[in-house]
Amino acid sequence: MLALENIDHCYGDRRVLHDVSLSVARGERVALVGGSGEGKSTIARLALALERPSQGAFKLDGAPVGRRGRALKTFRRQVQGVFQDGPGAVNPGHTIGRIIEEPLVHLSRHSARARRARVEALLEVVKLPASYAAYLPHQLSGGQLQRVCLARALAIEPAYLVCDEATSGLDTVLQVELTRFLADTCDRTGMGLLFITHDLRLARRLCHRLIAIEQGRLVDDVIAGAAFTHPAARALEEAVLPLAPIKTAAHKTHRAPQHADTVV
Ligand SMILES: Nc1ncnc2c1ncn2[C@@H]1O[C@H](COP(=O)(O)OP(=O)(O)OP(=O)(O)O)[C@@H](O)[C@H]1O
């Protein structure tokens with residue numbers, strides 16, 4: 001179990017998280033949803049031990065997470081993350097193959113040959129040609145780099161994965177394929193997933209449980225099939241864009257040309 005317990009978090013004298021308690025069990029897929037600036041990425045950074053909470057406990061399998069050295073390395077072997085900013089998350093001077101291989105070098109005992117085979121398999125998983133292993137990051141699109149970051153995070157088969165808007169830069173077909181792959185991985189390996197997103201539909205499709213955050217407070221926690229009850233969470237649900245075009249005054253005055261208007 002990856003668990004944040006009664007977390008308060010401050011930047012300077014500004015408190016951005018208030019008494020947050022959130023846990024992800026092995027094999028469980030939990031979505032954290034909320035609007036912009038509500039505290040989702042802060043929770044992602046805390047869950048990945050990239051920052052330490054101002055107050056409260058952070059535990060992995062019941063034990064407090066170590067702050068440095070071997071304890072932190074053990075944590076990194078178990079918990080990996082993917083953020084939205086693909087280009088910012090990779091070394092621009094390293095090849096794609098080296099980037100994906102990196103956690104295997106530091107956190108596993110794979111031989112060089114086994115690492116190369118794993119890189120190839122991971123590229124296939126994220127729908128990139130094996131030849132991309134030799135490319136540099138600037139030769140890939142933002143969405144392709146996003147997939148490289150996902151491959152890197154999955155390389156050591158972590159026990160938990162934290163995705164912060166990790167599929168947001170991808171087209172819908174790829175999003176569906178990769179979320180299906182993530183779900184399969186969780187079922188197959190028992191990986192726990194904390195999936196942070198603005199996209200409620202994606203969250204409901206992928207996750208067992210949905211947690212809503214507003215102004216640094218967790219305000220709702222429901223199973224995927226159930227409706228939210230808190231007004232802020234319901235507002236997220238209702239804020240889905242309608243399929244019809246938005247009607248403006250200009251729509252009314254600028255009538256689209258009818259067949260009869262057209263001079264042939
Ligand atoms: N390093 C920082 N220093 C100061 N304030 C910060 C820092 N990081 C985040 N904040 C503040 O914490 C609050 C929560 O930010 P956070 O990035 O966690 O929100 P979010 O829900 O992930 O937003 P978005 O969906 O827009 O990425 C915001 O008010 C933000 O300004």
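Biologist: What counts as a contact when we read a structure like this one?

Modeller: Two residues are in contact if their C-beta atoms, placed from the backbone, lie within 7 Å. In this structure, which is a predicted model, residues 24 or more positions apart account for 66% of the contacts in the protein with a separation of 6 or more.

Biologist: How many of the residues score at least 70 in pLDDT, and where is the pLDDT below 50?

Modeller: The pLDDT is the predictor's confidence in each residue, from 0 to 100. Here the protein averages 88, and 90% of the residues score at least 70. Over residues 260-264, however, the pLDDT is below 50, and beyond near neighbours in sequence this stretch has one contact in the model. For the model as a whole, the scores are ipTM 0.96 and pTM 0.88.

Biologist: Which residues are around the ligand, and which helix gives the largest share of that shell?

Modeller: The residues around the ligand are Tyr11 and Val16, then Gly34, and then Ser36, Gly37, Glu38, Gly39, Lys40, Ser41 and Thr42. Helix 1, which covers residues 40-47, provides the largest share of this shell, with three residues. Sorted by class, the shell has six polar residues, two charged residues and two nonpolar residues.

Biologist: How should I read a helix, taking helix 5 as the case, and what span should its 13 residues have?

Modeller: An α-helix has 3.6 residues a turn, so residues three or four places apart point the same way. Helix 5 runs over residues 142-154, and at 1.5 Å a residue its 13 residues should span 18 Å, which agrees with the 19 Å between its end C-alpha atoms.

Biologist: How many residues of helix 5 are buried, and what do they pack against?

Modeller: A residue is buried if 20 or more other C-beta atoms lie within 10 Å of its own, and exposed if 12 or fewer do. Eleven of the 13 residues of helix 5 are buried, so this helix is largely enclosed by the rest of the structure. Among these buried residues are Leu145, Val148, Cys149 and Ala151, as well as Arg147 and Arg152. The buried residues of helix 5 pack against helix 3 (96-107), helix 4 (112-125) and helix 6 (172-189), and also against strand 6 (79-82) and strand 7 (160-164). Gly142, which also has its place in helix 5, is exposed, because 12 other C-beta atoms lie within 10 Å of it. The C-alpha atoms of Gly142 and Asp85 are 8.3 Å apart in space, although the two residues are 57 residues apart in sequence.

Biologist: Which residues touch the most other members of the largest nonpolar core?

Modeller: In the protein as a whole, buried residues make up 34% of the 264 residues. The largest nonpolar core has 65 residues, of which Ala31, Leu193 and Phe195 touch the most other members. Helix 5 gives the most to this core, with seven residues. Leaving aside neighbours within four places in sequence, Ala31 is in contact with residues including Phe195, Thr197, Ala203 and Leu206.

Biologist: What should I look for in phi, and where does Lys127 lie?

Modeller: Most residues other than glycine have a negative phi. Lys127, however, has a positive phi, near 60°, and lies in the loop between helix 4 and helix 5. Gln215 has a positive phi of about 45° although it is not a glycine, and is found in the loop between strand 9 (209-214) and strand 10 (217-223). Lys127 counts as partly exposed, with 14 C-beta neighbours inside 10 Å, and Gln215 counts as partly exposed, with 14 such neighbours inside 10 Å.

Conventions. Residues numbered from 1 in each chain as written. Predicted model: local features only at pLDDT ≥ 70, side-chain atom pairs only at ≥ 80, totals over all residues. Near = placed C-beta within 6 Å. Helix = DSSP H or I, 4+ residues; strand = E, 2+ residues; numbered from the N terminus. Nonpolar A, V, L, I, M, F, W, Y, C, P; charged D, E, K, R; others polar. Expected span 1.5 Å × (residues − 1). Core = buried A, V, L, I, M, F, W, Y, C linked by C-beta atoms within 7 Å.
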